[in-house]
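Hi,

Here is the structure I promised to pass on to you. Have a look at it first, and then read my notes below.

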Amino acid sequence: MRIMMMLAIVTILIGVSCRNTETAFVKADSDLEAGRNFIEGVLKGDFKKAAFFMLDDEQNQSYLNKLKRRYRERSEHERKQYAEASIVMMDVDVVSDTVTIISYHNSFDNIARKVKVVNKNKEWLVDLKYTVNGNL
């Protein structure tokens with residue numbers, strides 16, 4: 001009986017130590033969900049999450065890296081304030097079945113911002129090119 005218990009404990013410990021510690025994100029079901037998850041990732045400094053909900057191309061990766069650098073330049077106090085901030089959606093402009101513009105600000109700095117969310121291959125993703133350039 002004691003050997004069985006030790007074997008069970010060892011098996012559990014091996015299972016726990018071998019599990020994947022990466023957070024598995026779930027694809028967004030809607031434009032608003034994709035936008036909110038992306039914005040939340042950036043505010044909290046979770047750039048893996050932000051990247052998951054972003055259209056993956058060279059230009060968007062470059063813009064995300066700039067956001068990441070700006071985040072790292074902030075003080076610890078500022079990072080905490082952004083992480084605790086609420087996302088306030090001000091306007092949602094559904095341009096078409098595949099394009100939505102979300103106007104928002106966060107409760108910490110109250111700066112109005114916009115993100116473009118696109119449906120590409122049946123997946124809602126943020127396209128940062130719009131945020132930077134303002135072109136549809």
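**A helix, a sheet and one loop**

Let's start with helix H2, where Asp31, Ala34, Gly35, Asn37, Phe38, Ile39, Gly41, Val42 and Leu43 are buried. Please keep in mind that this is a predicted model.

H2 covers residues 31-44, which makes 14 residues. From the first C-alpha to the last, H2 reaches 20 Å, close to the 20 Å expected at 1.5 Å a residue. Just after H2 comes Gly45, with a positive phi of about 75°.

Next, the sheet. Four strands form an open sheet in the order E1-E2-E3-E4, and their pairing is antiparallel. At the edges you will find E1 (87-96) and E4 (123-127), each of which pairs on one side only. On average, neighbouring strands in this sheet are turned by 25° against each other, direction ignored. H2 packs on the sheet and touches E1, E2, E3 and E4. The direction of H2 makes about 140° with that of E1.

Now zoom in on E2 and E3, which run antiparallel and are joined by six bridges. In one example, Ser103 has Lys114 in E3 as its bridge partner.

The loop between E2 (99-106) and E3 (113-120) holds Asp109. Is Asp109 buried or exposed? Its relative accessibility is 19%, so Asp109 counts as buried, since the cut-off for buried is under 20%. The side chain of Asp109 also makes a polar contact with the side chain of Arg113, at 2.9 Å. Glu78 lies 31 residues from Asp109 in sequence, and their C-alpha atoms are 10.0 Å apart in space.

Enjoy exploring!

Definitions and conventions:
Residues are numbered from 1 along each chain as its sequence is written. This is a predicted model: local features need pLDDT of at least 70, side-chain atom pairs count only at pLDDT 80 or more; totals for chains, interfaces and linings use all residues. Side-chain values use heavy atoms; hydrogens and water are left out. Helices (H or I, at least four residues) and strands (E, at least two) are DSSP runs, numbered from the N terminus. Buried means under 20% relative accessible area, exposed over 50%, partly exposed in between (1.4 Å probe, protein chains only). A polar contact is a pair of N or O atoms within 3.5 Å; within protein, one must be able to donate a hydrogen and the other to accept it, and residues adjacent in sequence count only if both atoms are side-chain atoms. The expected span of a helix is 1.5 Å times one less than its number of residues. Two strands pair if DSSP finds at least two bridges between them. Axes are lines fitted to C-alpha atoms, for helices over the stretch in contact, and angles run from 0 to 180 degrees between N-to-C directions. Contact means heavy atoms within 4.5 Å.
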